[in-house]
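Here are my notes on the model, in numbered points. Have the coordinates open as you go through them.

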Amino acid sequence: MNERINTLKSKAKEIIAIGKKYWNVPPKGNYVPYKEVATLGAAGFGVQWTPILAGTIGLDAGNFLVGHSIGLAPMDLYIMLIVSNAIGIPIGLFRGWYFDNHHMKGGKFIPFMLRTAFPIVGISTLFVFLPFEHWEYTVKAVVTFFFYLILQFFLCFYNEGFAYLQQIITPNAQERATVMSISQIIYSLAPSISNFLIPTVAGLTYGLNNIQTYRTIYPAFAFVGLIVNTIFFRKVKERLILPKSGGASVRIIDALREVAKNKYFWITTSASWVGFLENSYGIVLSWSFVYAYGGKYEATLGVVNTIIGNAALWSMIIAPILISKIGKRNMLIMCNILNIVLLGFLYFGYQNLIFVSVIFFMNNFINVFGNIYFPNIQADMRDYHQWKTGVRVDGMFGPLGMISTVLGFFTGLIIPSIYEHMGLHDDYSVLYGDEMRNNLFHVIIICAVIGAFLNLIPYLFYDLTENKHNGYVLVLKIRAMFEDYANGDISDDEIEEGMEIIHRAGELNGAKKTDIDRSALKAAKRLPKKTDGEKAERKERIKAAKKEIKAQLKFNNDIESYAFVSEEMAKFSSDSFRVLLDNAKKTYENGTLQRYDDIDFERGQAKAMPKNNDEQKKARADMFEVVRTKKTARKLIEKYGIENIKMPDEAIREEIQNRETPTMGESMKAKRDLKAFLKAKSIYERATAPYEKARRLLAQAENYTHLDELDALYAQIIAKRQAETV
C-alpha cells in the first residue's frame with residue numbers, strides 16, 4: 001500500500017515538474033506552451049456561455065423557446081428556416097471571403113470573436129424581453145425571424161472563428177488533438193454547469209417551455225461568457241505555415257473554385273447532407289423528461305444532463321490516445337458504427353427514462369470524440385489543400401459547404417412533416433399524451449438509424465492518413481523556408497528546422513519499412529514477478545521493449561511522411577514536371593496578357609503525359625489545370641478585347657470608398673462605380689491568371705536552387721551553437 005502511495009506521489013511530482021518546465025515554452029517538436037493550452041480552455045469556457053441565450057433562438061420544433069414557449073408551428077418554423085438559409089448563402093460567401101482576405105490586428109479569426117460577442121449577448125437578451133405574450137401569431141413569427149437573421153450573422157462569425165482557430169493553433173496534427181482535448185476538458189465545465197443549473201432551476205420555477213425562464217436565467221450566463229471571452233482570447237496565438245509575405249490574396253470565386261477541387265471536402269460535405277436525419281433523435285431525451293409522466297420529472301433533467309455531460313470528460317481524455325493508435329478516419333468509422341448500434345437499442349427502450357438516460361450517456365461519450373477528431377480532419381483537409389494548390393483558404397470551405405443548405409431546403413422538410421403528420425402543430429401540449437409522443441419517437445429513431453448509416457458511407461473513401469498529413473506539413477515548411485530566404489526575411493530557427501527536414505528526408509530516401517518485432521515485449525511480460533526485484537526488472541524490460549517498438553513505428557511512419565519531402569525536392573528535375581516548367585517559361589516569356597492560341601496543342605500534351613505513378617498523375621493533373629486556366633483567360637480576352645483588359649488603379653477604389661454621398665443618387669452612383677471597379681479587377685486577374693501561376697512556379701523553381709546556400713548557412717548555425725555550448 002505504501003509502495004503504491006509513494007508511486008502516486010512520484011508520478012504527481014513528475015507531472016508537476018513537466019508542467020512547470022513547459023508552462024511558458026513548448027516541448028521540442030511542439031508549438032503550444034501549456035499556459036496557452038490552459039488559456040484556450042478558459043477562452044472556450046466563454047465561447048460556451050456567450051451565445052448560450054442566442055443558441056436557444058432556433059427555427060425548429062424541438063426548440064423550447066421559439067416552438068414551445070412562443071408557440072410557432074413546426075412547418076412555419078421550417079419555412080422561416082428555409083428563407084433564412086437562402087439569405088445566409090451570400091452572407092456566408094462574404095464571411096468566408098472576409099476571413100481569408102482581411103487579417104486584422106490580433107490574428108485571422110480571434111478579432112472576429114472579440115467583435116461579435118457583445119452583439120450576440122445584447123440582441124439575444126433584447127429578444128427574450130419582447131412582449132410576445134401580447135402579440136398576434138403573425139407578429140411573433142415576423143419578429144422571431146428578423147431577430148434570428150441578425151443573430152445568425154454574428155453567431156456564424158463567432159462560431160466559425162472559434163472552430164477555425166482550434167484548427168490552426170498548431171500545425172502538428174497529434175499536438176492539435178492533444179491541445180483540443182485538454183482545452184475541451186477545461187471548457188466543458190461550462191456546459192456541465194449550465195446543463196445542470198438551467199433545467200433544474202427551470203423545472204422548479206417556470207419550466208423550459210415558458211419564456212420567463214429565458215428572461216431570468218439565461219442572460220446571466222451570457223454576460224459571464226462575454227467577460228471571460230474578452231479577457232482570454234487576447235492571449236491565444238494563431239499558427240499558420242505561411243511565408244512571411246503572407247501568401248496571395250484570394251477572391252471569392254477563385255477560392256470557391258479551389259475548394260471545389262478538394263476531394264476530402266466533398267467526402268466530409270456529402271456526409272453532412274444526411275446529418276438532419278441522424279441528429280433528429282436528440283428530442284427523445286428532453287421531450288421525455290418534460291412531457292412524459294405529466295412532466296413531473298422535468299426538474300431532474302438538469303441532473304441527467306450533468307451526468308450525461310460528464311461522459312465527455314472521459315472521451316476527451318481518451319481521444320488523443322485513440323487518434324495516435326488507430327487514426328482519425330478509423331476512429332470516426334468506429335464511432336459511427338457504435339452510434340448505429342446504440343440507436344437500435346434506443347428504439348426498443350425509449351419509454352423507460354433510465355434506459356434513455358443510459359443510452360444518451362453512452363451516445364454522448366461516443367459523439368464527443370467527434371469534437372476532437374472532426375476539427376482535426378478539417379484542419380488536415382486545409383493543409384492538404386495548401387500543399388496541393390499553393391493557396392491557403394480557410395473561410396471559403398464553409399460557404400461552399402452551403403450546397404448542404406440548398407439540399408436542406410428539400411430534405412429538411414422530412415422531420416417537420418413527420419411532426420405534423422403525427423399530430424404536432426402549434427399546440428405542444430399534445431406531447432403530454434403518451435401514445436402520440438411514443439409513436440413520434442418510434443419514427444424519429446428509425447430516421448436517425450438510417451441517417452447514421454448514410455453518414456458512414458462517404459468516410460469509407462477518406463484516405464488522408466496521419467502520415468500523409470505529416471508529409472504535407474513538412475513540405476509546406478520547406479516551401480516557406482525557400483520563399484522567405486528568397487525574400488531576405490528568414491530566421492536561423494526557420495533555416496535549422498527546414499534543413500533538418502531535408503536532411504532527414506535524404507537519410508530515409510530509399511529506406512524500407514521494418515517488420516515490428518514484438519518478441520522482446522512478449523518475453524518481458526513472461527518474466528517472473530514474485531519478488532520486488534523481479535517486479536522491477538520485469539517493469540524495466542517491458543518499458544525498454546515498448547520504447548523500441550515505438551521507435552520502430554516512428555521509423556516506418558517517417559519513411560512514409562518524409563517521402564513527400566524527397567518528391568518535392570526532386571520534382572523540378574523529373575521528366576513529368578519538366579513539361580510543366582517548360583510550359584510555364586513559355587507562358588511567362590509571352591507576357592502578362594496573351595491570346596493563348598495553342599491551348600489545343602497543350603491539351604494534347606497533357607493527354608500524352610504518363611500516369612504510371614502518383615508523381616506523374618499529379619503533374620498530368622496540374623497540366624490539365626493550366627489548360628483550363630488558359631481557356632478561361634482566352635474567353636475573357638475574346639469577349640472584352642486584349643486592349644481593354646487593364647488592372648484598375650487601387651486609388652480609384654480608395655476614392656470611391658472615401659467619397660461623400662449626401663444624396664441617394666450619389667450613393668447609388670458610388671455603389672455602381674465600386675461594382676465596376678471590382679468587375680474590371682476580376683476580369684484582369686482571371687485573364688492574367690495563367691501568367692501569374694507560371695510566374696509563381698518559376699519563382700519556386702528558382703528558390704529551390706538556393707539549397708546549397710541554405711545548407712551552408714545551416715552548417716554555420718550548428719557550428720555557432722556548438723561553440724556556444726562548449
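1. Where is the place of Glu-568? Glu-568 sits in helix 26, which covers residues 532-570; helices here are DSSP runs of H or I with at least four residues, strands are E runs of at least two, and both are numbered from the N terminus. Before going further: this is a predicted model, in which local features need pLDDT of at least 70 and side-chain atom pairs count only at pLDDT 80 or more, while totals for chains, interfaces and linings use all residues. Residues are numbered from 1 along each chain as its sequence is written, and side-chain values use heavy atoms, with hydrogens and water left out.

2. Staying with Glu-568: its relative accessible area is 4%, so it is buried (buried means under 20% relative accessible area, exposed over 50%, partly exposed in between, with a 1.4 Å probe and protein chains only). Leaving aside residues up to four places away in sequence, Glu-568 touches Val-475, Ile-478, Arg-479, Gln-700 and Tyr-704; contact means heavy atoms within 4.5 Å. Glu-568 also forms a salt bridge with Lys-571, with 3.2 Å between the closest N and O atoms. The cut-off for a salt bridge is a side-chain nitrogen of Lys or Arg within 4 Å of a carboxyl oxygen of Asp or Glu. Lys-571 counts as buried too, at 11% relative accessibility.

3. How many salt bridges turn up in the whole structure? The search finds 25. One to look at is Arg-721 with Asp-493, at 2.9 Å from N to O. Arg-721 lies in helix 33 (residues 707-725) and Asp-493 in helix 24, so this pair ties together parts that are 228 residues apart in sequence. Arg-721 is partly exposed, at 31% relative accessibility.

4. Lys-681 and Glu-685 make another salt bridge, 2.8 Å from N to O. Both lie in helix 31 (residues 664-687), four residues apart, or about one turn of the helix. Lys-681 is buried at 15% relative accessible area, whereas Glu-685 is partly exposed at 24%. Elsewhere, salt bridges that share partners join Arg-504, Glu-507, Lys-554 and Asp-558 into one network.

5. On the fold as a whole, the protein chain has 33 helices and zero strands. Of its 726 residues, 47% are buried. Among contacts with a separation of 6 or more, 80% are between residues 24 or more positions apart.

6. The largest nonpolar core has 152 residues, and Phe-127, Leu-208, Trp-287 and Leu-346 have the most contacts inside it. Such a core is a set of buried Ala, Val, Leu, Ile, Met, Phe, Trp, Tyr and Cys residues joined through side-chain atoms within 4.5 Å. Beyond four places in sequence, the residues that Leu-346 touches include Tyr-281, Phe-355 and Ile-445.

7. Now confidence: pLDDT is the predictor's confidence in each residue, from 0 to 100. The chain mean is 81, and 89% of residues reach 70 or more. Where pLDDT is low, the predicted coordinates should not be read in detail.
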